[in-house]
Amino acid sequence: MIKNKNAIVTGGTRGIGREIARTLAQNGANIAINYRNYSEEIEKLVEELKSFGVKVLAVKCDVSKEEEVSNFVKEVKNNFERIDILVNNAGITKDGLIIRMSEKDFNDVIDINLKGTFNTTKAVSAVMVKQRYGKIINISSVVGVTGNAGQCNYAASKAGVIGFSKSVARELAARNINVNVIAPGYINTDMTSVLPEKVKEEVLKTIPMKKIGDPKEVANLALFLSSNLSDYITGQVINVDGGMVML
Ligand code: NAP
């Protein structure tokens, strides 16, 4: 399905991104991930991914910095020659109610979640257009569709990712490039582990399947959207949320 394809997964060091990187590597894709601060954990992950018999590249890059992204993408292109798959997964939260939210907390979340997605998509789509082939998968959130009290910055960034993706899907469709969005619900990662128990219990009540999602469940959809099984699907937002949001 994706054997010998070349993939970039942003925010591949932890959580959902790491699971997507593992799943794509297990299925034969060469993987490039970025990191912000080097650690032994990254070295271990690189070795683990290589054990699937694929090429692995880890490059220091903050997705909110255009120049760093441009250099990251150049390095991937130089090493892999083609870039077939881009998963824009890097993201942060800086929660707070609107009346108390600082301009910095608003800007930081928009800069990484939305502008970061713009930076990588712009740099990679230039390569994909020349190849006449590409699969772009942007990780949004159900919160980008429903909104969430205490997350106006995050919800705005994730709603922005949806509008951005649909626009780019229309621009690139004729070049054989698919652009789709995954909107996870409540997934068990570092991002959600910091939530107070009471909040977790309340969220659980809103999930018809009565369980928190696993990063693997998001990675499985990313695999499908990375593969030729999704060739006639573009501009779509697909939830992975145990039925939390049904539109
Ligand atoms: P996570 O465990 O906190 O991991 C976030 C990843 O993004 C890390 O690899 C982090 O790298 C990277 N990152 C953050 N800022 C970055 C920057 N400026 N440049 C490059 N990389 C950066 O989060 P997660 O739960 O796996 O979330 C992954 C994505 O899914 C996010 O976009 C998130 O909004 C979305 N999502 C998550 C949930 C959920 O329930 N967990 C639900 C809906 C949507 P470092 O290791 O350097 O910090």
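**Exercise 1. Find the helix that holds Glu 66, and decide whether Glu 66 is buried, partly exposed or exposed.**

Solution. Start with the secondary structure: Glu 66 sits in helix α3, residues 66-80. Helices here are DSSP runs of H or I with at least four residues, strands are runs of E with at least two, and both are numbered from the N terminus. Next, take the accessibility classes: buried means under 20% relative accessible area, exposed means over 50%, and partly exposed lies in between (1.4 Å probe, protein chains only). Glu 66 has a relative accessibility of 48%, so it counts as partly exposed. Finally, look across the fold: Lys 122 is 56 residues away from Glu 66 in sequence, with 9.7 Å between their C-alpha atoms.

A word on the model before going on. It is predicted, so local features need pLDDT of at least 70 and side-chain atom pairs count only at pLDDT 80 or more, while totals for chains, interfaces and linings use all residues. Residues are numbered from 1 along each chain as its sequence is written, and side-chain values use heavy atoms, leaving out hydrogens and water.

**Exercise 2. Describe the surroundings of the ligand.**

Solution. Begin with the shell: 28 residues surround the ligand, and the closest are Thr 13, Arg 14, Arg 36, Tyr 154 and Thr 189. A residue belongs here if one of its heavy atoms lies within 4 Å of the molecule. By type, the shell divides into twelve nonpolar, eleven polar and five charged residues. In this grouping, Ala, Val, Leu, Ile, Met, Phe, Trp, Tyr, Cys and Pro are nonpolar, Asp, Glu, Lys and Arg are charged, and the others, Gly among them, are polar.

Now the polar pairs. A polar side-chain atom of Arg 14 is 2.7 Å from a ligand oxygen, and a side-chain N or O atom of Lys 158 is 2.8 Å from an oxygen atom of the ligand. A ligand nitrogen lies 3.0 Å from a polar backbone atom of Val 63. The ligand exposes 890 Å² when taken alone, and the protein buries 94% of that (Shrake-Rupley method, 1.4 Å probe).

Last, the elements: α1 (15-26), α6 (152-172) and α7 (190-193) each give two or more residues to the shell. Of these, α7 gives the most, with three residues.

**Exercise 3. Examine two of the closest residues, Tyr 154 and Thr 189.**

Solution. Tyr 154 is in helix α6, and its relative accessibility of 9% makes it buried. An unreviewed UniProt entry places the feature "active site" at Tyr 154; such annotations may be inferred rather than shown by experiment.

Thr 189 lies in the loop between β6 (177-184) and α7. At 15% relative accessibility, Thr 189 is also buried. A polar atom of its side chain lies 3.1 Å from the backbone nitrogen of Met 191.

Methods: A polar contact is a pair of N or O atoms within 3.5 Å; within protein, one must be able to donate a hydrogen and the other to accept it, and residues adjacent in sequence count only if both atoms are side-chain atoms.
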